[in-house]
Amino acid sequence: MSGIIGIYEKNNMGVAFLAHLGLMALQHRGQQSAGIAVCNKEEIRCLKNKGLVSDVFTQESLNELKGNMCLGHVKYGMEAADVIEYTEPFCLSDKFSCKAMAMSGSFVNGQKLKRDLLEQGSILTTNSDVELFACLIGKSKTDKILEAVSDAMKIIKGSYTITILTENEIIAVRDPLGIKPLTIGELKDGYAISSESCAFDIMGGKLIRDVLPGEIVLINENGLESYQTKKDEIKAICAFEYVYFARPDSYMDKLSINRARERAGEILYKEHPVDADVVIVIPDSGTPAALGFSKESKIPFANGLLKNRYVGRTFIEPTQSMREEGVKIKLNPMRDVVEGKRIVLVDDSIVRGTTTQNIIKALRNVGAKEIHVRISSPTVRASCYFGVDTSDEQNLIANILTVDEIRKKIGADSLGFISVEGLYKSLNSLGSGYCMGCFTKEYPMEV
């Protein structure tokens with residue numbers, strides 16, 4: 001999982017500053033590295049490094065990134081994120097003058113493609129999927145870049161949104177199933193591409209629409225053009241975006257993330273009612289669901305856990321030890337809210353179980369009378385092969401233990417997960433249109 005930005009403005013040579021703002025809005029999608037590549041039709045300049053957006057870029061460095069077209073990228077903690085060569089955008093050159101590329105997602109046939117390309121004499125310097133995509137474009141027999149991109153999309157299997165920066169344009173693509181989100185925004189003097197619509201708000205733009213599954217979008221001096229490749233008959237948008245990854249102020253496929261999470265909380269109470277004194281949440285992605293649970297149950301909501309705002313998202317840390325240390329620093333119980341109370345503790349998911357277990361211990365230590373855990377996603381029972389680092393299945397607690405065994409292990413008085421059907425209802429779906437593979441072990445393609 002990553003966050004990507006693409007910007008084209010006809011007369012603004014300082015689009016790097018807009019990209020910087022956009023990446024700040026997408027920081028929740030990746031905290032391991034950040035990068036911006038800028039083109040002014042004569043040269044490309046790229047600045048990228050490990051760290052947060054605020055660590056990588058300064059006023060002075062942004063002043064040096066002159067150009068009216070740019071790409072931006074933030075990456076989260078997968079295995080290769082600690083290697084500087086894996087930071088994006090990737091800067092390169094080929095027969096189409098593809099100057100930079102950035103990607104979110106994962107190819108399920110990436111290793112096979114790499115073996116095939118190496119056997120054909122291609123030179124690959126990393127294990128990155130975005131480099132594979134660039135190589136496939138460069139090997140295309142056509143002399144038209146949009147046809148080359150379309151040809152590459154026919155070979156690749158998996159989830160992806162990719163932005164490409166050339167000397168004259170920005171090209172954006174979304175996989176045929178639409179697993180990963182990608183949106184189009186209008187700016188004062190041009191257009192922008194972003195993983196989430198919240199970036200347009202901070203850049204002073206407005207959301208136009210989502211990039212359609214299988215669509216290629218071209219932005220240049222003539223404006224915005226669309227080319228629809230053959231798309232799959234079904235859509236399979238990542239449901240975990242709505243549960244956890246996306247910011248609540250974003251819209252994806254015309255659906256408010258905030259409202260979808262609120263509905264999940266309302267449905268969660270209907271499926272798992274409980275008598276309690278107060279509803280609290282493990283902040284922040286579970287907050288709308290907790291508010292929905294409180295509204296439906298008439299149990300008052302309160303801030304029961306104080307969050308240290310200077311600690312990032314522990315789910316996307318690259319190692320389990322880093323996640324556990326992050327939880328200790330990140331959250332602390334509010335004694336006056338929980339002492340002697342029957343608590344409903346709402347969270348968006350339980351993946352490995354250690355975070356919830358540690359928080360319940362902390363709540364017990366300050367005198368919580370009862371702790372009833374309610375989760376606004378179904379049990380996470382399977383690995384994700386499409387770019388979400390949900391770990392191997394043997395490390396997923398719901399793949400090993402029953403719900404009651406999980407309850408005992410984390411130390412809760414009761415435990416309830418929203419059903420798969422309930423999650424579909426929260427997304428205004430009748431049972432299709434979303435990838436639920438991590439919950440159901442049923443994937444939209446062979447993995």
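Lys298 sits in the loop that links helix H10 to strand S18 (305-307). This is a predicted model, and Lys298 is a handy place to start, with a phi near 65 degrees, a positive value in a residue other than glycine.

**Around Lys298 and helix H10**

- Lys298 has a relative accessible area of 69%, so it counts as exposed.
- Helix H10 (residues 287-297) has helix H9 (residues 257-271) as a partner: their axes come within 6 Å and cross at roughly 45 degrees.
- That angle makes H9 and H10 oblique to each other, and their crossing is right-handed.
- On the H9 side, the residues in contact include Arg261, Glu262 and Tyr269, while the H10 side includes Pro288, Phe293 and Lys295.

**Helices H5 and H6**

- Helix H5 (residues 129-139) packs with helix H6 (residues 145-155) at an angle of about 125 degrees, and their axes are 8 Å apart.
- H5 and H6 are likewise oblique to each other, with a right-handed crossing.
- Phe133, Leu136 and Ile137 of H5 meet Ala148, Val149, Ala152, Met153 and Ile155 of H6.
- The contact of H5 with H6 has eight nonpolar residues, no polar ones and no charged ones.

**Thr229, a buried loop residue**

- Look for Thr229 in the loop between strand S13 (223-228) and strand S14 (236-238).
- Thr229 has a relative accessibility of 16%, under the 20% limit, and therefore counts as buried.
- The Thr229 side chain reaches the backbone oxygen of Gly214 at 2.3 Å.
- Leaving aside residues up to four places away in sequence, Thr229 touches Ser150, Met153, Gly214 and Ile216.
- Met153, one of these neighbours of Thr229, is also among the H6 residues that meet H5.

**Backbone features to notice**

- Most residues other than glycine have a negative phi, and most peptide bonds are trans, so exceptions are worth a look.
- Glu88 and Pro89 are joined by a cis peptide bond with omega about 10 degrees, and Pro89 is in the loop between strand S4 (69-75) and strand S5 (90-91).
- Pro283 and Asp284 are also joined by a cis peptide bond, with omega about 10 degrees; Asp284 belongs to the loop between strand S17 (278-281) and H10.
- Asp253, a residue other than glycine, has a positive phi near 50 degrees and lies in the loop between strand S15 (251-252) and strand S16 (255-256).

Notes. Residues numbered from 1 in each chain as written. Predicted model: local features only at pLDDT ≥ 70, side-chain atom pairs only at ≥ 80, totals over all residues. Heavy atoms only, no water. Helix = DSSP H or I, 4+ residues; strand = E, 2+ residues; numbered from the N terminus. Buried < 20%, exposed > 50% of the residue type's maximum accessible area, 1.4 Å probe, protein only. Polar contact = N/O pair within 3.5 Å; in protein donor to acceptor, adjacent residues only side chain to side chain. Contact = heavy atoms within 4.5 Å. Axes fitted to C-alpha atoms, helices over the stretch in contact; angles between N-to-C directions. Parallel < 35°, antiparallel > 145°, perpendicular 65-115°, else oblique. Left-handed = near helix turned anticlockwise from the far one by under 90°. Nonpolar A, V, L, I, M, F, W, Y, C, P; charged D, E, K, R; others polar.
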